[in-house]
Amino acid sequence: MTDTMRIALPNKGRLEQPATELLRQAGFRFERTERSLAVPVRDAPIELLFVRTNDVAELVSDGVAELGITGLDLTREDNARVGTVAELGFGRCRLVAAVPDEVPITSIEDFEGLRIATSHPNTVAEFFGDKDIGITTVPLSGSVEVAPKLGIADAVVDLVSSGSTMLVNGLRPITTLLESQAILIEQEAAERSPTATRVVTMINAAMAARNRSYVVMNAPRTAVADIEAIIPGIEAPTVVPLTHDSMVAIHSVVESSDVWHVLPRLKDAGASGILVLPVQQVIA
Ligand code: AMP
């Protein structure tokens, strides 16, 4: 391997934008033009390889790229020799088995003998094989949900996020085979290079920041104990004296999901000039 460390990323599709955004939030600066395959990261010995989402796992397992971002469902389908470094919280979806509304099937055992259209034939074969249910897969790369209408399959196993596409196509979900999301991957059993170790730290720092907000406020000194009790901070809040003797500034990091509940209580406790700011990275 050369001194430059490579990260394989989706060049289009659902995972492209959130993956690119995460890298930028992690502090990587790069300029990507529409058709560029290999993009250097400014001021770091890193090259971003923009490839088809389906190819990311293979490039990582072959060692062409040391790290990659792809969907968990795809690494399972390819049985790729990769390890999960981090779950990234976007690209969440489920691989669901469904039948046309009018088919009187209620359980997975009723799939015996059915033809199942899917873009995940290996995962489907393994799932039903484990349960000793005999099915035939009809591999399709897209538009899986229309296969029953076309008469080429009796059921489908497809990725859903909200489930509305299935509903629109008259399909009724029976069971979930797999819960998926985007993951950061590396080659199985490979030793992580120092550059990759730093990349992993930075991505984890950006991930940790995503659920956090920085809250700054002024308050009378007498209210500090009450306010400290309200703020469910990662650590104790920072209390800074102000030129006005009786007042202090209080800074704290809080879970973004708590902000909604916490703000009115802070006001009631005497806080004023409350600012809620985004957090870029958190390194514990
Ligand atoms: P792409 O085909 O490049 O858009 O990427 C497909 C990948 O996005 C899948 O393998 C999943 O990991 C992920 N994904 C997330 N939600 C969905 C969804 N509702 N349908 C299909 N893929 C999804």
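Analyst: Let's start with burial: a residue is buried under 20% relative accessible area, exposed over 50% and partly exposed in between (1.4 Å probe, protein chains only). This is a predicted model, in which local features need pLDDT of at least 70 and side-chain atom pairs count only at pLDDT 80 or more, while totals for chains, interfaces and linings use all residues. Residues are numbered from 1 along each chain as its sequence is written, and side-chain values use heavy atoms, with hydrogens and water left out.

User: Which residues of helix 1 are buried?

Analyst: Helices (H or I, at least four residues) and strands (E, at least two) are DSSP runs numbered from the N terminus. An α-helix has 3.6 residues a turn, so residues three or four places apart point the same way. In helix 1, residues 16-25, the buried ones are Ala-19, Thr-20, Leu-22, Leu-23 and Gln-25.

User: And what covers the buried residues of helix 1?

Analyst: Their cover, judged by contact (heavy atoms within 4.5 Å), includes strand 1 (5-10), strand 3 (46-51), strand 4 (67-71) and helix 7 (194-210). Just after helix 1, Gly-27 takes a positive phi of about 105°.

User: Which residue other than glycine has a positive phi?

Analyst: One of them is Ser-143, with phi near 50°, in the loop between strand 8 (136-139) and helix 5 (147-150). Asn-79 also has a positive phi of about 50°; Asn-79 lies in the loop between helix 3 (72-77) and strand 5 (82-87) and is exposed, at 67% relative accessible area.

User: How many salt bridges does the structure hold?

Analyst: Side chains of opposite charge can pair when their charged atoms come close. The criterion here is a side-chain nitrogen of Lys or Arg within 4 Å of a carboxyl oxygen of Asp or Glu, and the structure holds seven salt bridges. In one of them, Arg-32 meets Glu-16 at 2.9 Å, N to O. This pair links distant parts of the chain, 16 residues apart: Glu-16 belongs to helix 1 and Arg-32 to the loop between helix 1 and strand 2 (38-40). Arg-32 is partly exposed at 25%, and Glu-16 is partly exposed at 23%.

User: Which residue forms a salt bridge with Glu-31?

Analyst: That is Arg-42, with the closest N and O atoms 2.7 Å apart. Arg-42 sits in the loop between strand 2 and strand 3 and Glu-31 in the loop between helix 1 and strand 2, so the pair ties together parts 11 residues apart in sequence. Arg-42 counts as partly exposed at 42% relative accessibility, whereas Glu-31 counts as exposed at 62%.
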